[in-house]
Structure formats: C-alpha cells, structure tokens
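Let's walk through this one together, starting with a single chain and ending where two chains meet. Have a look at the model first.

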Amino acid sequence: MRIITHSCPECGTVVAANELEDNRVMKCPREGCQEVLRFDDLTEEEQEFFLDNRDQYQI
Amino acid sequence: MRGVLLSGGTGSRLRPITHTGPKQLVPVANKPVIEYAIEDLKAAGVTEIGVVLGHKGREEIQELLGDGSKYGVDITYIVQGNPLGLAHAVGCAREFVDDSDFVVYLGDNMLRHGVSDLIESFQSDEYGAGIALQEVSNPEAFGVADVDDQGTVKRLVEKPDDPPSNLALIGMYVFSPAVFDVIEDLEPSWRGELEITDAIQSLLENGYEIDSHVVTGWWKDTGKPEDILEANRLVLEDAERSLRGTVEDGAEIRGKVQLAKSATIESGAVVRGPVSIADDVTIEDGSYVGPYTSIGENTRIAGPHIENTVIVGESEVTTNGRIIDSLIGRAAQVESAEGMLPEGRRMVVGENSQLHL
C-alpha cells in the first residue's frame, strides 16, 4: 500500500493523507502549532492517487 | 539511529480504563507505560524519536511527552489517523527516519533489559531487519520465528498449529530503509491492516537476511488489566526502598516502599512493600497496603486492605473491605456500604467494567 504523508512546514509533524483528507483543512495536530494544513498541500498526483484508492485507507 | 514509538490503538482490552485516555498512559509503578519506552530508547542512545499517534489520546500523549526535552530526547509526532496496522504506522515514519536504519518500539510494551542488545546486534549492511524474540511456553498463540544456529531468521509463522520453535516475536524491531519498499507492496490482511509480520516476511522473500535477538529478561505487553498488574509487580520487584514522604510515629513500614515527597503514611497504617505511593497520597489509620500495590497521586486510603493493585490516582478508597488484584481508574470512589439499608452492594459501573463480587 502506498503511504502518503505530509510534514508540517512549521513544526515537522508528519500527517498521513487519510487524516488530511478526513479534515480537508485542519490545524496542525502538534500541540501549540498554529499552522494550517490542507489536503491540497499534497501534490496533485498524490491527491489523485489517494482519492482513486480511498477505500484502502479506510478501516 | 532514530526511534519510532508506536502509540496508536484503541486500548479496547483495557476498557473501561481506556474510555478516558490512551493505553500508553496507564501507570505501572506510578509511571505511564510510554515513559518506560522513551527511557529504554534513550538508554540505547536513541534520542531522535518519532511518536506515531492514532485517533485516541493524541492530546494527552503530547501533553505528557511534549518535545521530549524533559527526557533528554527530541520528539517528532507522526499522525497515522486510521488504525491501518503496524506496518502502516511504520510506513508513515518514512520521512522522519530519512533513509536511515531505525528501531521500532511498541508504546504499550515493556522490556526489562531494553533494546540496546537488539540495536547492537543489527548490522544494516548484513540485514534488512532485526527482530526481538522470547521463548514462550505456548508458541501457538504468537507469531513464531524459525531461526538457524546463528540467529538468522528463516521464516515467520503466525499462530502456527505446529510451531517450528518456541521463539515468539515481541514488539521490538530494527529496520533498514528497505522495509519501506516492501510496505508499499503489501496488501491489507483479512482484518484490513498492513501487518508488520507480512513486511518482515516480504523482506525475507526479497532476499534480505533478518537478524534476531532472544530477550532473556521479562517482556510485557500491557494490553490487558492483568498485564498491567503483572508489569506493576515486575517493576516493583526491582524497585529500591525510598522514603521521601512523611511516615508518622506508629505507622508500620516493611520492605521496599517508595513514598513520594508529599505523601503521608499516618499512625496506625501498615504498608508492606514492594509498594509505590505517589505524591499527595494519604494512607490513614487502619489501612493495610500490601505487596505489589501502586497508588497514584492525590489519593486517600482510609481503612481498606489492599494488595497487588494499581490505583491510577485522584481516588478515595474508604471501604474497610479487602481489595486484591484490582485496577482502579482515575477519580474512583470506593466506599463502605456498612450500615446502609437495605443491605447490598451499590455500584455505578462504566461500560466494559469487570467486577468479581
């Protein structure tokens, strides 16, 4: 399974694509970090791959 | 080498304790389980640690560990989100480990002798991974490794009917970055998860050698209440006596008792170690606290006989009954029903509680 992640540019917290897609726009989950993370922060190819294979990222 | 500490999971086997917090924060000898893992990694020279978080307990774990500076380590958080398996959790750490070897530690596991030997045994130019094994009497219940005389793993078998050895996999691994490529090729198992044993098996099938290290000291997966009690017993057995708190004249203390600075054992109370008593705990007259008991912060013990029990904290135990082999969650009240009519036990019990009356 391809695992897609994104790192917060402010604090380095790594967030899995399924988490980003669930929220679309979210505050960085690191306590105290105010950075806003978006599913759109992933490359277009990553977004497309994730959405095409969304089922395998659900439990 | 960097460390990846897996701290997700729902803690379903530890309910109701985990209804209000992650299993990695349940205390053993008055210290959250996850702190033992951080200390083990630090002792092995691993000071850059990625803590993988699931859905449950994200804030609480971050609140406890912070940036890691209080433990002398540097922590990066990795949010896995959906619990898609241990191999998925490891895969989420790819950016963090940055193409280098890394050690994986399950955040609810405890290992008496830590992971130093496993790390030292692993030579990345020879092996794709290193696994920790322990001899067990019931290998049918575990993932089992078939190893040669040099400790090189030949194959892994999950819960075999006819085990090739009595060496079970425990929750500690060292990986080369090669594992990320095999994880990319893994398919979810029947339970919808990417399994770490499948990743190791794929490494073998791709021609990588797998090192193994047999753990001789105790190892505990603290996933169930009885495991917490057992881990508490094992840790307290190794504890040193330390009486920093107040012991009033007329109190009786024997054995290895750890008494925190602001805790008090009042006159007429009896404490027999090994016992751990946290800050702001009072053991009142007429109470007996016996071996293998840990009492968490801000708790009042007035009258009971307690043995082999973990009290998480913020509680009042004022019954004069006997409490043994018990795990009591935060802010619990255990009171006496004596004199109350009609006679009987009165309970407010949460979902998934277990009572033996």
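Predicted model: local features only at pLDDT ≥ 70, side-chain atom pairs only at ≥ 80, totals over all residues.

Before counting anything, a word on contacts: two residues are in contact if their C-beta atoms, placed from the backbone, lie within 7 Å.

What is chain B built from? It has 30 strands, along with eight helices. As for overall dimensions, its radius of gyration comes to 22 Å, close to the 21 Å that the globule rule gives for 357 residues, so chain B is as compact as a globular protein of that length. Laid along the principal axes, its C-alpha atoms fill a box of roughly 70 × 40 × 40 Å. And 48% of the 357 residues of chain B count as buried.

Now for the place where chain B touches chain A. Chain B puts 25 residues into the contact, and chain A puts in 20 residues. On the chain B side, at least two residues each come from α2 (58–65), β5 (74–79), α3 (86–91), α4 (94–97) and α6 (178–185). Sort that side by class and you get eleven nonpolar, eight polar and six charged residues.

Which strand of chain A pairs with β5(B)? That would be β2 (residues 14–16) of chain A, running in the parallel sense over two bridges. To find the spot on screen, go to V15(A), which stands opposite V79(B) in β5(B).

Notes: Residues numbered from 1 in each chain as written. Chains lettered and ligands numbered in written order. Helix = DSSP H or I, 4+ residues; strand = E, 2+ residues; numbered from the N terminus. Nonpolar A, V, L, I, M, F, W, Y, C, P; charged D, E, K, R; others polar. Pairing = 2+ DSSP bridges. Rg over C-alpha atoms; globule rule 2.2 N^0.38 Å. Buried ≥ 20, exposed ≤ 12 C-beta atoms within 10 Å, placed from the backbone.
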